[in-house]
Amino acid sequence: MKCEMMRLILLAFVAVSQAANILIMSGIPSASHFIWLRPLMYELGKRGHNVTVISADVEKKPPANVSYIHMENLYSATYNTSFREKVDFFNMAKEGPIPLLRLMHGLGLHMCEAAIKSEGLHFLLNYPKDFKFDLFVNDFMVGPCLPAIIMHRFKDVPYIPATSYNAPSTGAPVLGSFAYSGLVPNHVYDVPEEMNFVQRVKNLYYDVFEMITHETNMHPEADRILRILYPSAPSTYTFYKNVRVSFINANPIIQYKEPMMPNMIPVGGLQIQPPHQLPEDLRK
């Protein structure tokens with residue numbers, strides 16, 4: 001099953017773009033997000049593609065064909081500033097859906113404002129003007145701002161949004177898909193799949209709130225940050241046209257059954273690797 005999943009992913013890359021120079025961005029300062037994308041990065045490098053990874057996390061000894069660009073300030077901007085109070089995971093568990101949705105939207109904008117001050121991002125943006133990437137893969141939970149900067153700089157690069165998050169409905173703004181308010185709880189609304197009438201009404205409210213916030217706050221703010229670097233850049237909305245397929249960490253065996261667009265490919269468990277042998281002293 002694992003081999004078939006990886007083969008499907010690689011076929012998608014070849015069929016869509018015949019990629020050679022691949023840019024992968026892991027812009028969320030979280031080891032869990034990075035670890036989920038890492039097998040894809042390394043497998044592509046193993047198969048001969050030139051993979052550039054721009055990330056908050058880096059490894060000192062990457063395999064052949066994989067090189068890192070470090071966005072060196074994302075962790076400090078998140079955990080060593082006043083923003084740290086907003087990402088207190090113990091308190092987040094007590095928050096309601098509306099504060100959590102606001103936090104998730106604000107996190108992406110905060111990451112983008114920090115990233116445009118990083119040496120790593122500017123190193124990438126200062127590549128030769130005629131340099132081209134054949135494919136761009138990005139953890140889309142970072143929001144529209146950072147990927148828009150990349151796609152404006154490297155014109156017309158095909159885009160594959162991916163995420164270790166396991167809620168397909170989060171891809172609605174990116175893929176133009178639906179949020180099934182009467183069927184699937186919003187990704188921050190902790191209720192059973194078999195919602196009662198009141199829960200469905202609340203769920204519709206949360207879905208609509210998320211969509212409206214995207215349009216009235218997230219994208220206007222993302223546009224503002226994008227135009228700090230590129231004053232004549234179009235709206236961050238316009239870059240969704242670059243999307244080809246999407247990879248999401250979803251598996252219907254362990255979560256809600258949710259309809260998905262044909263170009264959303266579930267790759268739940270992508271991060272799972274073959275086990276290594278125990279050290280000799282433990283085996284004894």
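How many residues apart are Arg224 and Glu221 in helix H9, and what separates them in terms of helical turns? Keep that one in your head for a second. Before I get to it, a quick word on what we're looking at: this is a predicted model.

Okay, the answer. Arg224 and Glu221 sit 3 residues apart in helix H9, so about one helical turn separates them. The two form a salt bridge, and their closest N and O atoms are 3.0 Å apart. Side chains of opposite charge can pair when their charged atoms come close. How exposed are these two? Arg224 is partly exposed, at 37% relative accessible area, and Glu221 is partly exposed too, at 29%.

The whole structure has 5 of them. One is between Arg283 and Glu280, with the closest N and O atoms 2.8 Å apart. Both residues lie in helix H10, which runs over residues 280-283, and they are 3 residues apart, or about one turn of the helix. Arg283 is partly exposed, with a relative accessible area of 47%, and Glu280 is partly exposed at 44%.

Glu59 and Arg38 form a salt bridge with their closest N and O atoms 2.5 Å apart. This one links distant parts of the chain: Arg38 is in helix H2, while Glu59 is in the loop between strand E2 (50-55) and strand E3 (66-70), 21 residues apart. Glu59 is partly exposed, with a relative accessible area of 25%, and Arg38 is partly exposed with 25% as well.

In soluble globular proteins, nonpolar side chains tend to be buried together. Here, the largest nonpolar core has 46 residues, and the ones with the most contacts inside it are Ile54, Leu121, Leu124, Phe136, Ile149 and Ile150. Several elements each supply at least two residues of this core, including strand E1 (21-26), helix H5 (97-115), helix H6 (119-125) and helix H9 (197-229). Which helix gives the largest share? That's H7, with 6 residues.

Leaving out residues up to four places away in sequence, Phe136 touches Leu23, Met25, Pro147, Ile150, Met151, Val157, Pro158, Tyr159 and Ile160.

Last stop: empty space. Rolling a probe the size of a water molecule over the atoms shows where empty space is left. The largest pocket holds about 790 Å³ of space. Its lining has 37 residues, and Ile28, Met104, Leu107, Met141 and Tyr165 lie nearest the centre. What kinds of residues line it? By class, 25 are nonpolar, 11 are polar and 1 is charged.

Where does that lining come from? Helices H2 (31-46), H4 (89-92), H5 and H8 are among the elements that each supply at least two residues. H5 gives the most to the lining, with 6 residues.

Key
Residues numbered from 1 in each chain as written. Predicted model: local features only at pLDDT ≥ 70, side-chain atom pairs only at ≥ 80, totals over all residues. Heavy atoms only, no water. Core = buried A, V, L, I, M, F, W, Y, C linked by side-chain atoms within 4.5 Å. Buried < 20%, exposed > 50% of the residue type's maximum accessible area, 1.4 Å probe, protein only. Helix = DSSP H or I, 4+ residues; strand = E, 2+ residues; numbered from the N terminus. Contact = heavy atoms within 4.5 Å. 1 Å grid on protein atoms, 1.4 Å probe; cavity = no way out; pocket = protein on both sides within 12 Å on 5 of 7 lines; lining within 4 Å. Points joined across faces, edges and corners; volume = space filled by probe spheres on them. Nonpolar A, V, L, I, M, F, W, Y, C, P; charged D, E, K, R; others polar. Salt bridge = Lys/Arg side-chain N within 4 Å of Asp/Glu carboxyl O.
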